[in-house]
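Notebook open, viewer open. I'm jotting down what I looked up, one topic at a time.

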Amino acid sequence: MKSFSESYKAAGVDVTAGYKAVELMKSSVASTFTKGVLSGIGGFGGLFELDLTGIEKPVLVSGTDGVGTKLKLAFLMNKHNTVGIDCVAMCVNDIICSGAKPLVFLDYVAVGKNIPERVADIVSGVADGCRQAGASLVGGETAEMPGFYSPDEYDLAGFSVGVVDKARILDNENVKAGDTIISLASSGVHSNGFSLVRKVFDIENANLGEYYPELGKTLGEELLTPTRIYVKAILALMDAVKIKSISHITGGGFYENIPRALPKGLTAKIDKKSLVIPPIFKLIQQKGGIDERDMFNTYNMGTGMCVIVPQSEAQTALKVLTEAGETARVIGEVVVGDEGVIIA
């Protein structure tokens, strides 16, 4: 017999809705399981057996993040099965920058009212992201918090752990002047800068169903496009070339993130003509009257990830990334200097 409290329900928390949500999400969660998973959904902790074959000195790499105010789009459009991909992407794209293969993921969903079908939709997106990353969704938490969130709103965050052999950890100390910078194309705005996006489009009052010819889709569809996950492509690249360093272009754009992949005394010189900037960024800049530098300091501008490789291996890297399904191009080189990033 499952637990039930009439008093707790009267306070706004229906535990039976939680049980239903778990039942609805079970198949999505199970679809992410790899051979290391030892526990199913519903336990107090997720168990995962490490396979350390070929790894001499295993190092665990962890990352955590949320979706941010992009969730407002999901609320307004009543579409909840893609933001989970964003949640996974924000975590696994970070830990792959260290060369770590994501192993497990856990999510946290806080809701004003537990509507089981909506929670299952959210988790189906998380499971989709986990499959794209090759990570197992080994656990999570759904918290019903009436009075804290409105009944139609929720928050979503996640946490991932990966592993890398200590000898293969990627850091910026190996980067040299003359190394090549390769861009991996983004799928759009990803999950950053949405407070500004919402202001520019007055999103709560906007017609999200309006079709924009330059976008080839509606505004809502464009903005809700999930973040691209680069894990499998980067893992393939690590086996083919010597990756010097990687930068995940998130909030802070080029100016904040690319310098993190460089040692002191070196600068990324980006050839602006080589960049392919999707129409959504031009639309944001035009409607918001935003300075170009601010755009590059807020958004990914069409580059979701930068990979730095030796110049001699750049063409091989492009071939491997293309075969892995990425749109990759050379966008610059590493030069001596303290500017961090030069875009010209």
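How many Å separate the centres of domain 1 and domain 2, taken over C-alpha atoms? I get 25 Å between the two centres.

**Ground rules**

This is a predicted model, so I note that local features need pLDDT of at least 70 and side-chain atom pairs count only at pLDDT 80 or more, while totals for chains, interfaces and linings use all residues. Residues are numbered from 1 along each chain as its sequence is written, and side-chain values use heavy atoms, with hydrogens and water left out.

**Domains**

I have the chain divided into domain 1 (11–165) and domain 2 (172–343); the bounds come from an automatic or database domain assignment. Next I looked up the contacts across the divide, where contact means heavy atoms within 4.5 Å. I find 29 residues of domain 1 in contact with 29 residues of domain 2.

**Second largest pocket**

I then went to the second largest pocket, which holds about 510 Å³ of space. For the record, the search runs on a 1 Å grid over the protein atoms alone, and a pocket is an open set of points where a 1.4 Å probe fits, with protein on both sides within 12 Å along at least five of seven lines. Lining residues have an atom within 4 Å of a point. Grid points are joined across faces, edges and corners, and the volume is the space filled by probe spheres set on the points.

The lining has 23 residues, and Asp 51, Ile 55, Lys 101, Leu 103 and Val 163 lie nearest the centre. β2 (101–111), β4 (154–165) and α8 (231–238) are the elements that give two or more residues to this lining. Helices (H or I, at least four residues) and strands (E, at least two) are DSSP runs, numbered from the N terminus.

By type, I note 10 nonpolar, six polar and seven charged residues in the lining. The classes are nonpolar for Ala, Val, Leu, Ile, Met, Phe, Trp, Tyr, Cys and Pro, charged for Asp, Glu, Lys and Arg, and polar for the others, Gly among them.

Why does the pocket lie between domain 1 and domain 2? Because both domains give residues to its lining.

**Cysteines**

I looked for disulfides (a pair of cysteine sulfur atoms within 2.5 Å) and found zero. The sulfur of Cys 87 has its closest cysteine sulfur in Cys 91, 5.4 Å away, which is too far for a bond. I checked exposure too: buried means under 20% relative accessible area, exposed over 50%, and partly exposed in between (1.4 Å probe, protein chains only). Cys 87 is buried at 0%, and Cys 91 is buried at 0%.

**Loop between β4 and β5**

Ala 167 sits in the loop between β4 and β5 (180–185). Is Ala 167 buried or exposed? It is exposed, with a relative accessible area of 76%.

Asn 174 is in the loop between β4 and β5, and I have Asn 174 as partly exposed at 36%. Leaving out residues up to four places away in sequence, Asn 174 touches Asp 179, Lys 242 and Lys 244. Asn 174 and Val 161 are 13 residues apart along the chain, with 24 Å between their C-alpha atoms.

Thr 180, in strand β5, is buried at 7%. Beyond its neighbours within four places in sequence, Thr 180 contacts Val 307, Ile 308, Val 309, Gln 311, Ala 314, Val 330 and Gly 332.

**Positive phi**

Which value is phi of Asn 78 near? It is near 55°, a positive value in a residue other than glycine. Asn 78 lies in the loop between α3 (71–77) and α4 (83–95) and is exposed at 60%.

Phi of Met 301 is near 55°. Met 301 is in the loop between α11 (292–296) and β10 (303–309), and Met 301 is buried at 3%.

**Gly 36**

I ended on Gly 36, in the loop between α2 (15–30) and β1 (58–66). Gly 36 is buried at 6% and touches Leu 47, Phe 48 and Glu 49, not counting residues up to four places away in sequence. From Gly 36 to Asp 107 I get 18 Å, C-alpha to C-alpha, for a pair 71 residues apart in sequence.
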